[in-house]
Amino acid sequence: MAEWHSTLTPHALASRLPPPDGRRPAYRALAAQVSRLVADGRLPVGTRLPAERELAAELRLSRTTVAAAYEALRADGFLHSRRGAGSWTALPEGTRPPADALHPLAPDQHGTQLDLGLAAPTAPPELAEAAAHALEQLPAYAVGHGNYPTGLPVLREAVAHRYTERGLPTGPDQVLITTGAMSALHLAHQSLLTRGDRVAVEAPSYVNTLRALDRLGARLVPVPFATDPAGNAGWDLDQWQRVLRGAAPKLAFTIPDFHNPTGALIDEDQRRALLSHARAAGTAVVSDETCAELGWGVAESELPRPLAALDRDARVITVGSAGKLLWPGLRIGWLRAQPSLVRKLAADRALYDLGTPVLDQLIATRLLTAHLPAVRAARHAGLRATAEAFADALPRHFPRWRFTLPPGGLALWVATPGLPATALARAGERLGVRIASGARFGVDGAFEECLRLPLTLPAALVPDALRRIAEAAELARAERFTTADPEPCSL
């Protein structure tokens with residue numbers, strides 16, 4: 001999918017390389033360091049590496065050593081070269097993940113498999129009252145055809161009111177109700193993109209959006225996250241500026257609020273800076289806020305405003321969902337944009353979808369207007385309890401694995417140095433546990449030594465989950481799936 005990235009300067013590459021360990025020939029150590037950067041996504045696929053002579057001078061190595069390292073990378077599939085075009089990073093054939101652990105498990109399989117692939121909550125107890133109330137309201141809507149291309153007015157008002165509460169003044173005419181957040185993203189992408197357009201995406205990012213963009217024919221340009229000394233992830237603004245200026249992407253897709261899969265929360269200063277770079281490049285921005293209400297580790301008063309609240313020129317399209325906070329089974333999503341774009345997208349959707357089910361919209365309206373504080377508090381408590389259970393037990397089971405407890409979101413992003421999560425997932429399939437390998441969340445299969453653990457798992461099931469993962473890890477190692485020269489995933 002990736003076909004463009006800026007050329008990496010010798011100094012920029014050297015600054016990412018760990019110190020040599022002296023146990024292997026210098027060329028082999030350099031090749032291993034670069035391949036590990038590519039495998040875990042810190043060096044995006046498609047990055048053009050410095051010329052051999054320039055890198056040799058920067059690293060104070062002989063040109064012969066660097067040339068041998070490049071040749072080793074080519075032999076292992078981590079580097080492609082073409083005369084006159086230079087050399088750029090790649091991933092070996094066969095690094096794609098195995099079965100799709102992110103696809104919902106069939107209900108009749110829940111008793112035979114432990115699903116650690118899907119990060120989705122169960123319905124809140126308030127759903128029953130909301131459904132009963134919605135049924136009382138339904139007759140008033142049954143007298144007409146029931147098609148509302150922009151959504152029920154009462155739900156549009158409820159969503160607009162919540163945006164306003166969060167610091168983004170919004171009117172109902174700026175809200176389009178869709179059948180899930182993916183429908184909203186599909187509408188936005190179809191409106192903004194044509195086949196072959198470049199799209200800048202975070203690395204890692206939400207797998208289904210990466211797939212959808214690929215299906216539309218977009219050329220994805222990954223922008224890696226940065227990690228501070230405390231291990232917290234955030235946007236690498238230098239990389240964003242370089243990509244936006246050099247690739248001139250038509251669109252940037254971001255998840256600034258409790259990012260999926262890392263759980264990162266981007267502060268307002270970084271949000272302003274990214275919008276400034278996007279404005280200079282003429283790039284539209286889609287902000288995925290489907291997890292914005294899931295700040296279980298941060299006070300609501302400390303949350304940054306939505307990205308669109310900092311937008312000066314209507315550059316941002318915001319996508320939200322009831323699925324992550326309320327219940328995925330409602331299939332309610334929405335899009336916030338300028339009224340003219342909302343009207344256009346409502347007309348566009350008529351080609352395949354005349355509207356979202358009325359009853360589901362009424363249920364969502366009731367939950368948002370009458371039960372939101374209670375549902376949110378309970379959801380936060382459950383996610384926090386599971387996160388703390390994982391944080392307590394993971395180091396005992398896997399002392400070399402690395403993670404940072406995020407401030408919110410639905411998942412824990414874990415580095416598995418020395419053990420490819422693809423191999424772990426394959427072993428898990430044979431042992432009755434579905435595991436989401438990190439390669440699902442990267443462009444072209446990056447993040448091979450990472451995995452995503454769902455915090456929607458009840459905390460009481462964490463010990464059993466880790467026991468099964470440990471069995472899968474033992475099986476994976478026994479089958480010689482481990483990699484050499486492990487380096488921790490950057491997140």
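In the predicted model, strand 8 (251–254) and strand 9 (284–288) pair in the parallel sense over four bridges, where pairing requires that DSSP finds at least two bridges between two strands. Leu251 stands opposite Ala284 of strand 9. Helices (H or I, at least four residues) and strands (E, at least two) are DSSP runs, numbered from the N terminus. Residues are numbered from 1 along each chain as its sequence is written. Because the model is predicted, local features need pLDDT of at least 70 and side-chain atom pairs count only at pLDDT 80 or more, while totals for chains, interfaces and linings use all residues; side-chain values use heavy atoms, with hydrogens and water left out.

Five of the five residues of strand 9 are buried (under 20% relative accessible area, with exposed meaning over 50% and partly exposed in between; 1.4 Å probe, protein chains only), so strand 9 is largely enclosed by the rest of the structure. In a regular strand the side chains alternate between the two faces of the sheet. Both faces of strand 9 are covered, with Ala284, Val286 and Asp288 buried on one side and Val285 and Ser287 buried on the other.

An open sheet of eight strands shows mixed pairing and the order 4-11-10-9-8-5-6-7. Strand 4 (175–178) and strand 7 (233–235) form its edges, each pairing on one side only. On average, neighbouring strands of this sheet are turned by 25 degrees against each other, direction ignored. Strand 5 (residues 198–203) and strand 6 (residues 219–227) run parallel and are joined by six bridges; Arg198 has Arg219 of strand 6 as its bridge partner. Helix 6 (residues 153–165) packs on the sheet, touching strand 4, strand 10 (316–321) and strand 11 (333–336), and its direction makes about 120 degrees with that of strand 4. Helix 7 (residues 181–192) lies across strands 4, 8, 9, 10 and 11 and runs at about 160 degrees to strand 10.

Leu326 lies in the loop between strand 10 and strand 11 and is buried, with a relative accessible area of 1%. Leaving aside neighbours within four places in sequence, Leu326 is in contact (heavy atoms within 4.5 Å) with Thr122, Ala123, Pro124, Ala364, Leu367, Leu368, Val375 and Arg379.

Leu367 also takes part in the packing of helix 5 against helix 12. Helix 5 (residues 127–142) and helix 12 (residues 358–370) pack at an angle of about 125 degrees, with their axes 8 Å apart. Axes are lines fitted to C-alpha atoms, for helices over the stretch in contact, and angles run from 0 to 180 degrees between N-to-C directions. The two helices are therefore oblique to each other; angles under 35 degrees count as roughly parallel, over 145 as roughly antiparallel, 65 to 115 as roughly perpendicular and the rest as oblique. Among the contacting residues are Leu127, His133 and Tyr141 of helix 5 and Val358 and Arg366 of helix 12. By class, this contact has 12 nonpolar (Ala, Val, Leu, Ile, Met, Phe, Trp, Tyr, Cys and Pro), two charged (Asp, Glu, Lys and Arg) and two polar residues (the others, Gly among them).

Helix 3 (residues 52–59) and helix 4 (residues 63–76) have axes that come within 8 Å and cross at roughly 120 degrees. These helices are therefore also oblique to each other. Glu52, Arg53, Leu55 and Ala56 of helix 3 meet Arg63, Val66, Ala67, Tyr70 and Arg74 of helix 4.
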